[in-house]
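Hi everyone, thanks for coming.

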Amino acid sequence: VQLLVPSAAPLSLTSLDVSENLIGSSGMRMLAESSRFCKLTSLSAWGNEIEDEGLRALAVSTSLTRLTSLDVAENKIGSEGLLALMESARYPRLTSLDISGNLFEEQEAQALVGSPNFPDLHLEDGVHLPFF
């Protein structure tokens, strides 16, 4: 992530998989704050030890608003990070979200379905949100 972020020139990437690279919350914050990734529609960041701070950075990002698919499974995201995402109005296009294997309860994740900020999200199986 540190190698991708420094330049100011936007990348033409629409999909990025940084899974199992231990980017942590600081790496997620770098991605979320960088305008280089403004064309991303799919971001996979599972298994990276991302905590609430990382998901909060994503929730307020003005660069990643085109995301339709987000995979942040198997991290260390708790209730605070989930709430930040749920309250964010920056991701109305998000239709696929995998948040399984994190530190919050299934009932908390189900609240995403009722959020007006995610009109096309539907729970299918536990805290997995469609298409995994």
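Before the numbers, a definition: an axis here is a line fitted to C-alpha atoms, for helices over the stretch in contact, and angles run from 0 to 180 degrees between N-to-C directions. Please keep in mind that this is a predicted model.

So, how do α2 and α3 pack? The angle is about 5°, and their axes are 8 Å apart. Angles under 35 degrees count as roughly parallel, and α2 and α3 are therefore roughly parallel to each other.

Which residues meet there? From α2 we have Asp52, Leu55, Arg56 and Ala59, and across from them in α3 are Ser79, Glu80, Gly81, Leu82, Ala84 and Leu85. Sorted by type, the residues of this contact are five nonpolar, two polar and three charged.

Let's stay with α3, which spans residues 79-87. Its buried residues are Gly81, Leu82, Ala84, Leu85 and Met86. What covers them? The cover includes α2, along with β4 (96-98) and α4 (106-110).

You'll find Ser63 in the loop between α2 (52-59) and β3 (69-71). Is Ser63 buried or exposed? Its relative accessible area is 9%, and the cut-off for buried is under 20%, so Ser63 is buried.

Who are its partners? Leaving out residues up to four places away in sequence, Ser63 touches Ala32, Glu33, Ser34, Ser35, Phe37 and Cys38. Take Ser34 from that list: its backbone oxygen lies 3.3 Å from a polar atom of the Ser63 side chain.

Notes: Residues numbered from 1 in each chain as written. Predicted model: local features only at pLDDT ≥ 70, side-chain atom pairs only at ≥ 80, totals over all residues. Heavy atoms only, no water. Helix = DSSP H or I, 4+ residues; strand = E, 2+ residues; numbered from the N terminus. Buried < 20%, exposed > 50% of the residue type's maximum accessible area, 1.4 Å probe, protein only. Polar contact = N/O pair within 3.5 Å; in protein donor to acceptor, adjacent residues only side chain to side chain. Contact = heavy atoms within 4.5 Å. Parallel < 35°, antiparallel > 145°, perpendicular 65-115°, else oblique. Nonpolar A, V, L, I, M, F, W, Y, C, P; charged D, E, K, R; others polar.
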